[in-house]
Amino acid sequence: MLSTLITGLVLGGTYALVAMGLTLQYGISRIMNLAYGETLIFAAFAAFLLFTTFGINPILGLVIILPVAFAVGYVIYGVMMQPLVTRSKKSGTLEVDSILATFGLLFVIQGVMLVAFGSNYTSYNYLNVGINVLGANIAANRLLAFALAVIIGATLFYVLTRTRWGTTIRAIAVNPNAAPLVGIDVNRTARFAFALGTMLAASGGVMISMYQTFNASMGVVFTMKALVIVIMGGLGNLMGALVAGLLLGVVETLVATYVDPGLTLAATYLIFLAVLLWKPAGLFGKAAGR
Amino acid sequence: MTVFSRRSVLRAIGLAATLLAGVGTAAVSAQDRTSVKIGYAISKTGANAGGAGITTLPNYQLWVHEVNEAGGLEMPDGSRLPIEVLEYDDRSSSEEVVRAVERLATQDQVDFILVPWGTGFNLAVAPLFDRFGYPQLAVSAVTDKAPEFVQRWKKSFWLLGGGHDYTEALSKILLDQQAAGTINGDVAVISVADGFGIDLITAARQSFADAGLNMVYDVTYPVGTTDFTPMLNEAAASGADTFVAFSYPPDTFALTQQAQVAAFNPKVLYLGVGTGFPVYQANNGDKIEGIMSLGGIDVNNEAVMDYRARHEEFIGQAPDWWGSVITYASLQMLEEAIKRHGLDREAVSAELSTGTFDTVLGETKLEDNQLRQLWFGGQWQNGNFVAVAPSDREGASAPILPKAPWPAQ
Amino acid sequence: MTRTILGFALVALGLAALAWLPTQVGAYGVGLLLGMTGYVVLASAWALFSGPTRYVSLATVAFFGIGAYTVAVLSETLPYWAVLLVAAGIGLAVALVVGLATLRLAGVYFVIFTFGLAELIRQLVTWYEVNVTGTLGRYIFLPISPEQIYWQLLALAALTIGIGWLIARSRLGLALKVIGDDETVAAHTGIDISGVKLALFAVSATIITLVGAIQAPRWTYVEPSIVFNPTISFLTLIMALLGGANRLWGPALGAIPLFLLFEWLSANFPSHYSIILGLMFIAIVFVVPRGVLAGVEDLWKRLRRKGEAA
């Protein structure tokens, strides 16, 4: 039982890591980013390339990939999202516009990956050694992803709740219209949050590339898993994403062990639907919907 | 105003219809042929792209390249016509693949159509191949219903066997090993909840029961599962010496990694699709020694090994060890049949059904429109995925069991 | 009044022309018409509910798949028309249950909920097939030609757009406009908001179920990954939004060009299809933000103003 729980928590760590970037982008920048999973897969391919052609291991690879991802996110927001945000101030159609625009972006990134890397399954082995954690054999690479998720979660949570900048961000998440009244530059903060979200997606991609097979068409799987977790946790709530991600991991493992592995995904969606019906704004959401 | 615009819309539709019809007739009236049009729809994007990009598409490209290098397809009169390829992406959607084949047959009026990838898609297009009179050489479709389909669609050919063939070959190996005292009679099986996995697990339940093998663990997992630790733990706890997974490529890769982490060492480790992929060998090195799966190659067959070398040189990666060579052989059969009967699809189909062909597999002849000279089980031995079943067929290697434990970490 | 009659006559004439078209265009042409009409119905039905209420639903494929699966399960035991009726009934029942449970969710929560619903149904069907019936794929051997499928879809399209037209003219239409603009105001005007929303959701879902049921015989072989393919939900949404979900002809005018565009791109640029498609999407969002129909109207108005000035 204990080892099942630990396995589940570690699996959940991956989910949480993937979801935290999206919750930043969605909760703060108000962009429903359907191309999120593609960014993640792109980073996975980058890590794969660095590892196989240049012999740079994925952990060092993070040092290269993360700043690039941040810059890319910053540029994408500036070029693509900014005009939409500005326009939507009058029409209030940001949600639909961002769905459409990032849907296009999804195809572009996917197409570029197909041309550059082909459609084949890609995988490599790194740090695939068992580590004994309280009687459960856990792969070191998964453990690393779990640790990264917890560290990122804790750091961002601290920053958001204890610093002035964090208060700014939360103010925007709560009420983007009133934030400028107290002298907050909504645009700059939203852009920063979007770039940070892209960076988190990339870190998730690098981690996942170490132990999971991926191909250019797989991004949407991650986007959807992340969306489910983000909504369950409550929009823009990092702690919520972390808890919801871990919860899903534990539930999947418990169901696979004690009920039937065939029902793991069904259980995921069942829990998700149940949480929404019980708390329409997610586990940690305060507003009654938006 | 409205009336006028409606009328012009109608006129435009009529014009479009005439144009469409016109294009059709133009294609037919071109008497002096300068090429043979061969078309196909394949999943270049979407969920099926990973499989199609290994087993099917590279072999189409290689074959077309080689035929055109040699001056084209040989006709009965000895002349050669180069192949002109029409390629569509079905985006892994049934509706798209159906429409693409309709387009190839009626709009582009190609001379021959190559098959899409996957059991479901081959079935989806089978009625169309039949209706438009094209021979269908279905390769990447494992189905026990092939005899039935042959009755229904006379020009369909099924080249990769059915689930029973594979599971019976496996249970025979297991029985032999049990008789030799290598393993116990307990088997733990997991399968992916998708066409391939279900077909094989249903067949396996039957085959194992017939053989008197005891299935102590039998579960199915959804497509997209990434963490197999719970299932591996349960399988290990079941005490079975044999672990079988009818899995898809991502699952096969994950299972291999996670079995090492969990130090799970069954005496027989049998995994599904993907075990024969080049990337599998590249990633896992010599750790794959002793792992078994579907398919296999007779490494002493020089024609096959030569094909593998050419494939690697032209495509840039080796073919897989199961379906690729069959795909290539099916194209050689088509090439040979065209050489004998030209572009008459009716005659070519009849020839495929009854003729004997010289392919990379050796002398190849279909029985009841199905290829039966197949390798149903293979094992990684010294860096090659060698064929071990059926053991009485010439070229089979003996399985080396029990599989050695994973190297210490 | 005469204008209405004239309009009806024109629509009837158009329908007749469209129904006659398959005899002229060959098998591929029919396939094209069929696929196009399928998406016209999907997008129009989607917009029946999502247009006025502004609830973005990704459950399209859940109902589409239910329809297709019902046909696959029952095609051997019941006559075809009865299968369609059963499919519509199941779609309606599921829609009512789901609607009652979920329509209190708002905004993006509803979006993801409906997506989750589609996945849940797909997983449950898979699990049931695997564990109870022991097969996954099902075969549909119905003697239905593509032309017949097309005619059925055409009739359904006419029905869907007809319903949209009736709703827009009725008091209900007015009520819906208010809901879309401001639910609180709508509640104060004495409109039974949840009842209206539920009814629309049910109608739209039933039509979508029928589309799945009608199209299924075309594929011969059906399995959950084929009929519950989430791309269908996304394409429907994009088409309706592109044309303008709030207008009667908007979804149809989004579906037709997009469908043809997909076809053209995949035929001519199989390798760069995704990139071109994506760039076009982005361009569309920036150039015609409120849907093609609204864009054309804006342009028309501007042209006219210019004409008057000159």
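**Figure 1. The contact between chain C and chain B.** In this predicted model, the contact draws 37 residues from chain B and 34 residues from chain C; two residues are in contact if their C-beta atoms, placed from the backbone, lie within 7 Å. Residues are numbered from 1 along each chain as its sequence is written, and chains are lettered from A in the order in which they are written. Local features need pLDDT of at least 70 and side-chain atom pairs count only at pLDDT 80 or more, whereas totals for chains, interfaces and linings use all residues.

**Figure 2. The side of chain C that touches chain B.** Elements of chain C giving two or more residues to this side are α1 (2–20), α2 (22–53), α5 (107–133), α10 (224–227), α12 (250–268) and α13 (273–287). Helices (H or I, at least four residues) and strands (E, at least two) are DSSP runs, numbered from the N terminus. With nine residues, α2(C) gives the most. By type, this side holds 17 polar, 15 nonpolar and two charged residues; Ala, Val, Leu, Ile, Met, Phe, Trp, Tyr, Cys and Pro count as nonpolar, Asp, Glu, Lys and Arg as charged, and the others, Gly among them, as polar.

**Figure 3. The fold of chain A.** Two strands and 10 helices form chain A, in the sequence order α-α-α-α-β-β-α-α-α-α-α-α. Of the 290 residues in chain A, 60% are buried, meaning that 20 or more other C-beta atoms, placed from the backbone, lie within 10 Å of the residue's own. Among contacts in chain A with a separation of 6 or more, 77% join residues 24 or more positions apart.

Note on methods
Buried ≥ 20, exposed ≤ 12 C-beta atoms within 10 Å, placed from the backbone.
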